[in-house]
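This report looks at pockets and at backbone geometry. Please keep the sequence and the model open beside it.

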Amino acid sequence: MTSTFFQYLFAGISQGSLYALLAVGMVIVYNTTGLINFAHGEFMVLGALISSTLAVFLPIPLAIIIGVIFTAIFSGIIEIIFLRKFKNFNVLKMIIITIGISILLKDVFHHIWGTDYYSLPYFTGDKGTSFSLFGAYFSPQVLWVIAMATLSIIILSIFFKKSKTGLAMRAASLNPRAARLCGISTSRMITLSFIISGALAATAGAFISPISGICFDSGSYLSVKAFAAAIIGGLGSFYGAVIGGIIIGVLESFSLYILPANYIDIIATSSILIILFFKPAGLFNKKILQNLKEF
Amino acid sequence: MNRRVIFSFLILGIFGLIQVSCNKSSNDTVNIGAIVALTGPASFLGGPQVKTLKMLEEKINNSGGINGKKLNIIIKDSQGQAAKAISFARQLIEENSVLAIIGPSTSGETLQIKNICQKMKVPLLSMAAAEKIVNPISSYIFKVAPKDSHVARRILEYMKKQNFKKIAVLTSNTGFGNEGKRQLTKLAKEYKIDIIISEVYDKKATDLTGIITKIKSKEIDAIVNWSIVPAQSLIAKTMKQLKLNKPLFQSHGFGNIKYAISAGAPGNGTIFPCSRIFIAKQLPVDHPQRKVILDYISDYTKKYNEPISTFGGHAYDSLTMIVKVITDGATNRQMIQQAIENLHDFPGTAGIFNFTAKDHNGLSIDCLALHIVKDQQFELLPE
């Protein structure tokens, strides 16, 4: 009985770390621009597709690094082309623009990569290896995902608390006018936030691809879950997004005790509604001010 | 402003007329419609189907067409969505005046456009598997994929021989998966097999560890998975990782080697019923299907450099049937419908077709053979 419990728990944590990582990327963009980037899932897909394609003739770590760097730069370019000029639009219009970008990117991926599912080889072992902990079995790839998520969050925390650029980004998001007066270029900070967010998404995509396989339209499904995670944690709260992601992952996993498997998506989508009805600031924001953005 | 509006409407009107006139069937082309799930979760079905149709169209036109007329296949990508299938069906029938429609790729879509095609009296050769497509019979609706009940029987028959008494059934929440679940549930009692646990997963699911965990906690002898999505491969991998070492059976939805390759080593040992398309070389020389299948394999692999699948085979069968009846004299929709209903001993990739007014599927249970995955290849299972 307990081994089943741990099996569900680990499955939940591994899916949850994926959602957490994507949610963090969304929150970073939200904090600097005030908008939700609905094309975020597409950056995850792009990172996975590029790494998988390169991994055929390059060593895996190199393929991943190139995929991540390319997606990060691509993400910044998308911001410059589509969003920088329109900063004076209201947030709703900008969000719709990101939805448009998501549709456009999906089509581009379809043309380049077709409808096949792509994945990197498992980093350690192969499709069948697993090891057990407390009687629960899982693939070593799951540990890679959790480790990568943890490492990324630690690096980001240090970046935002200690480095000059990180502090500049926080300044630009809390009070753009004052930041500009201090000589910080807010538009550059925005582009940088897209670059970081793109890099995070691409890494997540590359690491998760051996487990689930990524195809050109895998992005939307996960974008919704990431969005739910970000909302649960409180939009704007970095750590909230992480915990929100894990919560959704674990809830989905344990819901199998009572719900048929094809209904588990209800968890993510209904949690958005529940949080918005009862605690709109999210679980981890003490003030109900929408402007509280804390890294 | 007014002038601009009038002018734009004029331009649009002219474009519209050009569109319509281009697609109207002229006396020297034969227009056939095809609704295929080229993209979306059923793309493993639609992809090979579109490739097969285009390949055959080119081959036929290069050897003079059908009785001298050019064959024009109008292909629409439904993305596996019933709503799109419906609107494309209307478009093909009303605007393009097609003589017949091939497809759709999935059962869900077919069941939605069945009534339109029957009402408009347009022959529909569906490439999907659900039995409801031809039961109850609608005179203009045919299907070329093997019957679900035959597939289920093949699996249950084999399980009975192996003395499996308790099984787990996994299906996806698609028309195909739901039909499979229905068939297995209905027929299991006949073979004295108990379905201990039955789970339905979302067609877009990317992680099935939760479900496999749930199954692992039960006492079962074997697992059957019935779906057409990439999750088919995921199940084998997850079972291996969670050390669930029970025999895994798949439906004929597994009939694309990409699923076996994607499952890797954990996929070895998977058993599933399917047509003889993969083992044609092992057929006796005078078997009517042998030449048909081997020709298809060599043309397709030469042109596209990828292995064939049963799904592409369905496209091959539907098109060659239509071409045959038109070559033999059918010139309008009603004649095509009559001719197909009277088709006997027609060798296709899926089997030997014998249509009648009461049987719009034409395939018997013998057209299915049990296959086993070995080293990521499909082999005949010695029974």
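## The largest pocket

The largest pocket is lined by 39 residues, and Tyr117(A), Tyr118(A), Ser119(A), Gly213(A) and Ser262(B) are those nearest its centre. On a 1 Å grid over the protein atoms alone, a pocket is an open set of points where a 1.4 Å probe fits, with protein on both sides within 12 Å along at least five of seven lines, and lining residues have an atom within 4 Å of a point. Its lining divides into 23 nonpolar, nine polar and seven charged residues, where Ala, Val, Leu, Ile, Met, Phe, Trp, Tyr, Cys and Pro count as nonpolar, Asp, Glu, Lys and Arg as charged, and the others, Gly among them, as polar.

## Basis of the model

This is a predicted model, in which local features need pLDDT of at least 70 and side-chain atom pairs count only at pLDDT 80 or more, while totals for chains, interfaces and linings use all residues. Residues are numbered from 1 along each chain as its sequence is written, chains are lettered from A and ligands numbered from 1 in the order in which they are written, and side-chain values use heavy atoms, with hydrogens and water left out.

## Backbone geometry in chain B

Most residues other than glycine have a negative phi, and most peptide bonds are trans. A cis peptide bond with omega about 0° joins Gly103(B) and Pro104(B), and the bond from Asn135(B) to Pro136(B) is also cis, with omega near 10°.

Ser97(B), although not a glycine, has a positive phi of about 45°, and Asp375(B) likewise has a positive phi, near 50°.
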